[in-house]
Amino acid sequence: PVQSFDLVSAPGRDGEPDPAMIQFARLCQLGGTDAFLLESIFRKEVWGFMALPVSERNEMAVIKQISEQCEKALEDLNQCPEGGPEVCTKLR
(Lines give C-alpha, C1' and ligand atoms only; values in the text may rest on other atoms or scores of the structure.)
Protein backbone atom coordinates (compact mmCIF):
# COMPACT_ATOMS: atom_id res chain seq x y z
CA PRO A 1 0.00 0.00 0.00
CA VAL A 2 1.05 3.55 -0.68
CA GLN A 3 -0.12 6.53 1.33
CA SER A 4 1.26 10.04 1.83
CA PHE A 5 1.78 11.49 5.31
CA ASP A 6 3.48 14.44 6.90
CA LEU A 7 6.72 13.29 8.46
CA VAL A 8 5.98 15.14 11.71
CA SER A 9 2.61 15.68 13.34
CA ALA A 10 2.91 19.49 13.49
CA PRO A 11 5.84 21.28 11.82
CA GLY A 12 7.94 23.16 14.36
CA ARG A 13 6.10 21.65 17.31
CA ASP A 14 7.81 18.65 18.85
CA GLY A 15 9.42 16.73 16.00
CA GLU A 16 7.41 13.61 16.83
CA PRO A 17 6.39 11.49 13.83
CA ASP A 18 2.84 11.83 12.58
CA PRO A 19 0.79 9.28 14.62
CA ALA A 20 -1.28 8.32 11.56
CA MET A 21 1.92 7.53 9.65
CA ILE A 22 3.14 5.29 12.48
CA GLN A 23 -0.23 3.53 12.67
CA PHE A 24 -0.21 2.90 8.92
CA ALA A 25 3.38 1.64 8.99
CA ARG A 26 2.56 -0.73 11.87
CA LEU A 27 -0.39 -2.08 9.92
CA CYS A 28 1.72 -2.56 6.78
CA GLN A 29 4.43 -4.37 8.74
CA LEU A 30 2.13 -6.86 10.47
CA GLY A 31 3.33 -10.40 9.91
CA GLY A 32 4.48 -13.52 11.67
CA THR A 33 2.91 -13.95 15.09
CA ASP A 34 1.36 -10.46 14.85
CA ALA A 35 -0.71 -11.39 11.79
CA PHE A 36 -3.57 -12.66 13.98
CA LEU A 37 -4.59 -9.00 14.31
CA LEU A 38 -5.68 -9.15 10.66
CA GLU A 39 -8.34 -11.78 11.48
CA SER A 40 -11.86 -10.67 10.62
CA ILE A 41 -12.85 -10.68 14.30
CA PHE A 42 -10.55 -7.64 14.82
CA ARG A 43 -11.52 -5.73 11.66
CA LYS A 44 -13.31 -2.93 13.56
CA GLU A 45 -10.56 -2.53 16.16
CA VAL A 46 -7.32 -3.10 14.24
CA TRP A 47 -6.75 0.58 13.36
CA GLY A 48 -7.07 1.52 17.04
CA PHE A 49 -4.69 -1.29 18.00
CA MET A 50 -2.07 0.20 15.68
CA ALA A 51 -1.94 3.36 17.82
CA LEU A 52 0.20 1.39 20.29
CA PRO A 53 3.30 -0.73 19.68
CA VAL A 54 2.37 -4.21 18.48
CA SER A 55 5.61 -6.09 19.11
CA GLU A 56 9.34 -5.46 19.12
CA ARG A 57 9.68 -7.11 15.70
CA ASN A 58 6.92 -4.92 14.28
CA GLU A 59 8.41 -1.71 15.73
CA MET A 60 11.84 -2.57 14.31
CA ALA A 61 10.27 -3.20 10.89
CA VAL A 62 8.46 0.16 11.08
CA ILE A 63 11.69 2.00 11.96
CA LYS A 64 13.53 0.24 9.15
CA GLN A 65 10.76 1.07 6.65
CA ILE A 66 10.71 4.77 7.59
CA SER A 67 14.51 4.97 7.55
CA GLU A 68 14.67 3.36 4.09
CA GLN A 69 12.01 5.73 2.74
CA CYS A 70 13.90 8.75 4.11
CA GLU A 71 17.15 7.53 2.53
CA LYS A 72 15.36 6.97 -0.79
CA ALA A 73 13.92 10.50 -0.66
CA LEU A 74 17.39 11.93 0.01
CA GLU A 75 18.83 9.93 -2.90
CA ASP A 76 16.06 11.22 -5.17
CA LEU A 77 16.71 14.78 -3.99
CA ASN A 78 20.42 14.29 -4.60
CA GLN A 79 19.61 13.72 -8.29
CA CYS A 80 18.11 17.21 -8.60
CA PRO A 81 20.46 19.41 -10.62
CA GLU A 82 19.78 22.63 -8.68
CA GLY A 83 20.69 22.55 -4.99
CA GLY A 84 19.86 18.89 -4.44
CA PRO A 85 23.33 17.66 -3.42
CA GLU A 86 23.88 20.59 -1.05
CA VAL A 87 20.54 20.02 0.69
CA CYS A 88 21.23 16.29 1.03
CA THR A 89 24.60 16.97 2.62
CA LYS A 90 22.98 19.25 5.20
CA LEU A 91 20.18 16.78 5.98
CA ARG A 92 22.47 13.81 6.46
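Contact here means heavy atoms within 4.5 Å. By that rule, and leaving aside neighbours within four places in sequence, Asp 34 is in contact with Val 54, Ser 55, Arg 57 and Asn 58. This is a predicted model, in which local features need pLDDT of at least 70 and side-chain atom pairs count only at pLDDT 80 or more, while totals for chains, interfaces and linings use all residues. Residues are numbered from 1 along each chain as its sequence is written, and side-chain values use heavy atoms, with hydrogens and water left out.

- Asp 34 is found in the loop between H1 and H2; helices (H or I, at least four residues) and strands (E, at least two) are DSSP runs numbered from the N terminus.
- Asp 34 counts as buried at 7% relative accessibility, where buried means under 20% relative accessible area, exposed over 50% and partly exposed in between (1.4 Å probe, protein chains only).
- A polar contact of 2.6 Å joins the side chain of Asp 34 to the side chain of Ser 55.
- The term polar contact covers a pair of N or O atoms within 3.5 Å; within protein, one must be able to donate a hydrogen and the other to accept it, and residues adjacent in sequence count only if both atoms are side-chain atoms.

**Salt bridges**

- There are three salt bridges, each defined as a side-chain nitrogen of Lys or Arg within 4 Å of a carboxyl oxygen of Asp or Glu.
- Arg 57 forms a salt bridge with Asp 34, and their closest N and O atoms are 3.6 Å apart.
- Because Arg 57 lies in helix H3 and Asp 34 in the loop between H1 and helix H2 (46-49), this pair ties together parts that are 23 residues apart in sequence.
- Arg 57 is partly exposed, at 42% relative accessibility.
- Glu 59 and Arg 26 meet through their side chains in a salt bridge at 2.6 Å, N to O.
- That pair links distant parts of the chain, with Glu 59 in helix H3 (residues 56-78) and Arg 26 in helix H1 (residues 19-28), 33 residues apart.
- Both Glu 59 and Arg 26 are buried.
- Lys 64 and Glu 68 form a salt bridge between their side chains at 3.9 Å, N to O.
- Lys 64 and Glu 68 are four residues apart in helix H3, so about one helical turn separates them.
- Lys 64 is exposed, with a relative accessible area of 52%, whereas Glu 68 is partly exposed at 43% relative accessibility.

**Aromatic pairs**

- The whole structure holds two aromatic pairs.
- Rings of Phe, Tyr and Trp (its six-membered ring) pair if their centres lie within 6.5 Å; planes under 30 degrees apart count as stacked, over 60 as edge-to-face and the rest as tilted.
- Phe 36 and Phe 42 pair edge-to-face, at 5.9 Å centre to centre with 75° between the planes.
- Phe 42 and Phe 49 also pair edge-to-face, at 5.8 Å centre to centre with 65° between the planes.
- Phe 36 is partly exposed at 45% relative accessibility, Phe 42 is partly exposed at 23%, and Phe 49 is partly exposed at 34%.

**Cysteines**

- The count of disulfides is zero, a disulfide being a pair of cysteine sulfur atoms within 2.5 Å.
- Cys 28 is partly exposed, with a relative accessible area of 28%, and Cys 70 is partly exposed at 32% relative accessibility.
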